[in-house]
Amino acid sequence: MKRPHTIIIAEAGVNHNGSPKLARRMITEARRAGADYVKFQAVARVENLIATSAPMARYQQKNTGSDGSQLEMVRGLMLPLEEYAMLAECCREEGIGFVATPFDIPSIGYLAALGMDFMKVPSGEITDLPYLRAVAAAGVPVVMSTGMATMDEVKEAVGVLNQGGIALEDITLLHCTTEYPTPYGDVNLRAMLTMAREIGTKVGYSDHTRGIDVPIAAVALGARVVEKHFTLDRSLPGPDHKASLTPDELTGMVTAIRHIEQALGDGEKRVTDSERANIEVARRSIVAARTILPGTVITADDIAAKRPATGLSPMKWDEVVGSRAKRRFEPDEPIEI
């Protein structure tokens, strides 16, 4: 069984701070890091997403140093919808997959027309029935984050996508904890396995912890998709930079995940080519512990198990004990029977 290739999504999000130039640079850095996709966030009208009275989240207040309007903060971070066609073209030129998460229904159709390989549903929309129906109507595979959701809510959202025509095998659920950064004690990676078992979809992990340890562990547990925020500079203003990887850190995560993929192997226990040459020097043979004369009935005191493994295996010990020596054996000489 060949280990599936883990899809790695470099989440640019809004870490371009509304600058198309920075967004293009992020595409380049994601491709250099070895990610499979770079993902942005899109909305046709911010007013479709956020009411004027909506407050900032705690982490947004902390990371921006402001307790102002969430609407105004997001408005300053988003790119005009028409810019995403340019970003998709830039991704094609760079040789990396393009994805953008739609945050309102008009952006779903626009992004679907750009030919994305899958639609990415964010955690916050998992209970938005009209939105989920519109995603299903786009008719492409779905990767859905499940932060803040109960198992029942996840199952209900998957049911909506199924009813809309998205087959179970075309849905990947990402376990996620929606806190930036996520405390390690709140990660609960085993919940990813529970979703796979109870719902039957492919599963993955969207990470908001500091560092790269947890996404690597997720791959070892069976994540088929890993998503991680990255930034060009953690000191840039904005809500998500501080919990994001730098380009060098993103490269390190991708490299580590590819190593883990190789290390997981196919599950068959066998002697590998790399270790085969060490069998002889690491294992033992049955040898004479002292001089044994021809015709002697060999006892356990007459023999020993010593390296190298050029003679009889010590697993034949009971066959040797009680047999007669064919000839004279000197100390440390391999025994023959």
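This is a predicted model: local features need pLDDT of at least 70, side-chain atom pairs count only at pLDDT 80 or more; totals for chains, interfaces and linings use all residues.
Me: At what angle do α1 and α5 pack?
Reply: Helices (H or I, at least four residues) and strands (E, at least two) are DSSP runs, numbered from the N terminus. Axes are lines fitted to C-alpha atoms, for helices over the stretch in contact, and angles run from 0 to 180 degrees between N-to-C directions. Helix α1 covers residues 20-33 and helix α5 covers residues 83-94. Their axes lie 10 Å apart, at an angle of about 30 degrees.

Me: Are α1 and α5 roughly parallel or roughly antiparallel?
Reply: Angles under 35 degrees count as roughly parallel, over 145 as roughly antiparallel, 65 to 115 as roughly perpendicular and the rest as oblique. The angle here is about 30 degrees. Therefore α1 and α5 are roughly parallel.

Me: How many nonpolar residues has the contact of α1 with α5?
Reply: Contact means heavy atoms within 4.5 Å. Residues of α1 including Ala-23 and Ile-27 meet residues of α5 including Met-86 and Leu-87. Ala, Val, Leu, Ile, Met, Phe, Trp, Tyr, Cys and Pro count as nonpolar, Asp, Glu, Lys and Arg as charged, and the others, Gly among them, as polar. By class, this contact has 4 charged, 1 polar and 7 nonpolar residues.

Me: Which residue takes a positive phi just after α1?
Reply: Helix α1 has 14 residues. Just after α1, a phi of about 95 degrees is taken by Gly-34.

Me: Which strands and helices are among those that cover the buried residues of α7?
Reply: Buried means under 20% relative accessible area, exposed over 50%, partly exposed in between (1.4 Å probe, protein chains only). In α7 (residues 129-137), the buried residues are Tyr-131, Leu-132, Ala-134, Val-135 and Ala-136. Their cover includes β3, α6, β4, β5 and α8.

Me: How far apart in space are His-175 and Thr-146?
Reply: His-175 sits in strand β6 (residues 171-176). His-175 is buried, with a relative accessible area of 8%. Thr-146 is among the residues His-175 touches. The two are 29 residues apart in sequence, yet C-alpha to C-alpha they are apart by 5.5 Å.

Technical notes
Residues are numbered from 1 along each chain as its sequence is written. Side-chain values use heavy atoms; hydrogens and water are left out. The expected span of a helix is 1.5 Å times one less than its number of residues. Lists of a residue's contacts leave out its neighbours within four places in sequence.
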